[in-house]
Amino acid sequence: MTPYRAQARILTASLVGTAVEFYDFYIYGTAAALVFGPLFFPSESPSAQLMLSFMSFGLAFLARPVGAIVFGHYGDRIGRKSTLVASLMLMGASTLLIAFLPTYAMVGWVAPLLLCILRFGQGFGLGGEWGGAALLAVENAPPGWRARFGMFPQLGAPVGFIAANGLFLLLGLWLSDAEFAAWGWRIPFLVSAVLVGLGLWVRLRIGETPAFADALERQAPVAVPLGELFRRHLVPTLAGTFAVVACFAIFYLATSFALAHGTTALGYPKEQFLLIQLGAILFMAVGIVYAGYRSDAVSAQRVLTWGCGATILVGLLFGPSLASQSWPLIFLGLAASLFVMGLVYGPLGSWLTALFPVEVRYTGASVAFNVGGILGGALAPIIAQALGDWGGTQVVGLYLALAGVVSWIGLLMVRRQGAAAG
């Protein structure tokens, strides 16, 4: 029996949770790009409405490190499984409640306040999600399979994206713009309840990871994992934070920003652009799988280094391809960007978790991943919008090039440790 089949339930639990995570997160990003501006934020300027909408999108990134600290604390003290269940429940409940929110026209300033509170709840729950899912996979991996097991949580990203984008595409085909703005945007948030239920069902049927169980037998849990992390593992934490910047920057520029900018400033039809993105996201899945297998063959450190170099290159090509008004060039630009994201995202499950010992691993991986998300993800649409206003669409990819450099610096900070981990 192959390791995949032997640990099928574990791998499914790690993938399903992150698929729900990215579905929840991306339906918000898509709704923020398409309808949340005029529905929840008062302004005479459509550009200002879109900026406020993206700021609410970025709010969850500020909540993520808080969630990483809280869930990381309990994940390192009481276990991976129960902490993962709690993070999924919080994230799912916050997403579902967005479906029932009143708009600004109904209740005034209360509407954006409630939206921001629930968005914070999404981010808080998400802060404990990825680190736990990565540990669930990697700490159950047999020798020589760490990267291939660690790629399964990453594959949740394209799965969640396809589910979210596919649903928005169908709604766009079935509903008029007026119907979608009036009530259709609520449907994806309602559907999230089904996905969360599936994720909980799978996760409640698994056990604790062997690495954590063995650590508990040897010694008592660390009293304050965050304090231990900063006292003894500060350099790996900073390195991991920088290393994840590139994957977040690529994802949110090639998805949320590209959709918003393409369908407004560049005038592309929404349904056709969503279809292009659905095709391009498949290249992200290919990149993740390739990176997982290649990382076990050489090292995660080396594959991530290749990915950072490729990020700089696609950053220079991203803007011109998006502005080209040519569907083949737009597709090639998005597909190349998302394939490269697979290279800098796929190995993180094995590389990032290996930087920390078991007793602070949940906290360390979660804090690094989510603080890096602020630098790479929360700021990406806002900076890209500002770059576009300054120099046109052709220059928005410069942010990707900078993100690639930052992540490369992070890899250099722990070159020897990362090479051994890979």
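User: Which residues does Val303 touch, once residues up to four places away in sequence are not counted?

Analyst: Val303 touches Ala291, Arg294, Ser295, Val298, Leu343 and Pro347. Bear in mind that this is a predicted model. Val303 itself sits in helix α16.

User: What makes Val303 count as buried?

Analyst: The cut-off for buried is under 20% relative accessible area. Val303 comes in at 1%, so it counts as buried. As for Ile382, it is 79 residues away from Val303 in sequence and 29 Å away in space, C-alpha to C-alpha.

User: And Ser192, why is that one called buried?

Analyst: Set its value against that cut-off of under 20%: Ser192 has a relative accessible area of 0%, so buried is the word. Ser192 has its place in helix α10, residues 186-203. Leaving out residues up to four places away in sequence, it touches Tyr23, Asp24, Gly92, Thr95 and Leu96.

User: How do you know that Pro65 counts as buried?

Analyst: Pro65 has 13% relative accessibility, and the limit is under 20%, so Pro65 falls on the buried side. It lies in helix α3, which covers residues 46-77. Beyond its neighbours within four places in sequence, Pro65 is in contact with Asn370, Val371 and Ile374. Val395 is 330 residues from Pro65 in sequence and 30 Å from it in space, C-alpha to C-alpha.

User: Zooming out, what share of the chain is buried?

Analyst: Buried residues account for 60% of the 422 residues.

User: What makes you say that the radius of gyration agrees with a compact globule?

Analyst: For 422 residues, the globule rule gives a radius of gyration near 22 Å, and the chain has 20 Å, so the two agree. The C-alpha atoms fill a box of roughly 60 × 45 × 45 Å along the principal axes.

User: How many helices and strands does the chain have?

Analyst: There are 21 helices and zero strands. Among contacts between residues at least 6 apart in sequence, 86% join residues at least 24 apart.

User: Now the empty space. Why is a space called a cavity rather than a pocket?

Analyst: Rolling a probe the size of a water molecule over the atoms shows where empty space is left. In a cavity, a 1.4 Å probe fits but cannot get out, whereas a pocket is open. Counting cavities of 30 Å³ or more gives two.

User: What does the largest cavity look like, by volume and lining?

Analyst: Its volume is about 70 Å³. The lining consists of Asp76, Phe212, Ala215, Leu216, Gln219, Ala220, Pro221, Val222 and Glu359. Helix α11 (residues 210-218) gives the most to that lining, with three residues. By class, the lining divides into six nonpolar, one polar and two charged.

User: Which classes make up the lining of the second largest cavity?

Analyst: Seven nonpolar, no polar and no charged residues. The lining is Phe22, Cys247, Phe248, Phe251, Tyr252, Met341 and Tyr345. Tyr and Cys count as nonpolar here, so Tyr252, Tyr345 and Cys247 go into that class. The space holds about 40 Å³. Helices α14 (245-263) and α17 (327-345) each supply at least two lining residues, and α14 has the largest share with four.

User: And how much space lies in the largest pocket?

Analyst: About 320 Å³. It is lined by 18 residues, and the closest to its centre are Ala33, Leu34, Val35, Pro38 and Thr264. Helices α2 (8-40), α3 and α9 (177-184) each supply at least two lining residues.

User: Which helix gives the most to the lining of the largest pocket?

Analyst: That's α2, with six residues. By class, the lining of the largest pocket divides into nine nonpolar, seven polar and two charged residues.

Notes:
Residues numbered from 1 in each chain as written. Predicted model: local features only at pLDDT ≥ 70, side-chain atom pairs only at ≥ 80, totals over all residues. Heavy atoms only, no water. 1 Å grid on protein atoms, 1.4 Å probe; cavity = no way out; pocket = protein on both sides within 12 Å on 5 of 7 lines; lining within 4 Å. Points joined across faces, edges and corners; volume = space filled by probe spheres on them. Buried < 20%, exposed > 50% of the residue type's maximum accessible area, 1.4 Å probe, protein only. Contact = heavy atoms within 4.5 Å. Rg over C-alpha atoms; globule rule 2.2 N^0.38 Å.
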